[in-house]
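These are my notebook entries on one model.

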Amino acid sequence: MRDGLSDILLEWYDTHARVMPWRVSPQDRKDGVLPDPYCVWMSEIMLQQTTVAAVKDYFHRFTAKWPTVSDLAAAEDADVMAEWAGLGYYARARNLLKCARAVVDDHGGRFPDTREGLLKLPGVGPYTAGAVSSIAFNRSEVVVDGNVERVMSRLYNVETPLPTSKPELTELARALTPEERPGDYAQAVMDLGATICTPRNPACGICPWREPCVARAEGTAASLPRKLPKKKVPTRFGHAYVARRADGTWLLETRPEKGMLGGMLGWPGSEWSDDPTPTPPFDGHWTTLNAEALHTFTHFHLRLKVHTAELPHGAEPGNAVLIGKHDFKPSSLPTVMRKVYDLAAATFVPVADDGSER
DNA sequence: AAAACGGGGGC
DNA sequence: GCCCCAGTTTT
């Protein structure tokens with residue numbers, strides 16, 4: 001038996017691998033079983049900037065609704081965006097569809113099996129190309145996500161702050177990537193980072209790499225990786241307009257492809273800025289709520305004033321998306337728009353199934 | 001090289 | 001509540 005660093009980690013992974021819906025167990029992998037590249041790709045796109053816990057239900061819903069890449073390629077854009085609602089970074093969902101259609105149209109419905117081929121696909125960058133090629137196709141490719149950056153910076157006690165240290169960490173990770181079991185190895189390093197070598201309070205005492213780890217010897221593990229200071233986020237303001245017809249139909253709009261929440265359903269509203277101009281979607285009797293919808297994005301806080309009105313028949317603006325009482329699902333809205341809905345909905349009189357107010 | 005781009009979880 | 005976390009694309 002060899003005892004290189006990667007072998008130590010693989011031995012740990014054999015007994016500690018996390019079970020995930022898109023994964024094949026180390027035992028099954030040794031029997032030659034490989035996961036469905038479509039499922040690996042889907043999970044890796046969802047896992048970008050997102051935790052496993054948040055992804056699980058979305059993964060189940062997507063693969064149940066669209067079991068193959070061909071099914072997804074044939075889906076309606078609006079259905080995919082609605083299903084993605086709440087998961088965030090909506091450009092991922094737009095690229096997910098683009099990518100599925102590229103795989104069907106340009107690759108005969110099969111994912112490219114090399115890093116280079118995968119890198120050409122929409123929404124697939126260095127991390128995802130490495131992950132899919134190694135996990136789904138058992139190719140020895142370096143896989144560097146935030147977990148791997150943290151593990152490498154500690155294992156080798158890299159004190160240069162991120163993102164400056166990224167190339168160095170990638171080289172260190174590449175040097176460790178084995179020819180044997182590269183898919184299990186990639187998942188093992190990420191599992192190590194997610195469960196043992198955590199950002200705070202790393203469990204060095206039970207780490208399979210505790211002996212070779214330089215940061216553990218130096219006592220610097222918890223302080224690594226260093227990061228350049230981040231600037232604090234400004235607050236922006238805006239207005240959202242929630243209107244409902246007497247029969248319970250809601251007035252929404254599809255947001256432009258570019259920009260925040262691109263392609264998602266939302267309430268009509270103003271620009272988000274320091275001092276936005278209120279711009280109701282139609283002239284009517286608007287009521288301004290006392291409460292604001294508060295939401296924080298990556299780079300700014302948002303405070304939305306919520307206005308409500310009854311929507312007269314025939315008053316719909318040109319870009320309106322009208323959704324009937326039974327078809328409207330708050331879960332198909334991005335989170336900030338769902339917060340607006342939660343505030344506004346309480347002020348509307350319930351509508352009976354026959355359309356009469358009660 | 002830097003900014004844009006969401007949401008969830010830990011403390 | 002405040003802080004932290006994390007890939008790809010666009011500028």
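Entry 1. I looked up Ser 43 and found that it counts as buried because its relative accessibility is 0%; buried means under 20% relative accessible area, exposed over 50% and partly exposed in between, with a 1.4 Å probe and protein chains only. The model is predicted: local features need pLDDT of at least 70, side-chain atom pairs count only at pLDDT 80 or more, and totals for chains, interfaces and linings use all residues. Residues are numbered from 1 along each chain as its sequence is written, chains are lettered from A and ligands numbered from 1 in the order in which they are written, and side-chain values use heavy atoms, with hydrogens and water left out.

Entry 2. I placed Ser 43 in helix H3, residues 37-47; helices (H or I, at least four residues) and strands (E, at least two) are DSSP runs, numbered from the N terminus. Leaving aside neighbours within four places in sequence, Ser 43 is in contact (heavy atoms within 4.5 Å) with Trp 22 and Phe 59.

Entry 3. I then examined H3 as a whole. Of its 11 residues, 10 are buried, including Trp 41 and Ile 45. These buried residues pack against helices H4 (52-65), H5 (69-73), H6 (77-84), H7 (91-107) and H9 (126-135). Just after H3, Gln 49 has a positive phi of about 60°.

Entry 4. I turned to DNA strand B, around which there are 20 residues; a residue is near a strand if one of its heavy atoms lies within 4 Å of it. Gln 49, Tyr 89, Tyr 90, Leu 261 and Thr 298 come nearest.

Entry 5. I noted individual distances to DNA strand B. A side-chain N or O atom of Tyr 90 is 2.2 Å from a phosphate oxygen, and one of Thr 298 is 2.7 Å from a base nitrogen. For Thr 335, a backbone N or O atom lies 3.0 Å from a phosphate oxygen.

Entry 6. I checked helix H10 (residues 146-155) and found 9 of its 10 residues buried. Its buried residues pack against helices H1 (5-16), H11 (166-176), H12 (182-195) and H13 (214-218). Asp 145 caps its N-terminal end, a side-chain oxygen lying 3.0 Å from the backbone nitrogen of Asn 147.

How values were computed: A polar contact is a pair of N or O atoms within 3.5 Å; within protein, one must be able to donate a hydrogen and the other to accept it, and residues adjacent in sequence count only if both atoms are side-chain atoms.
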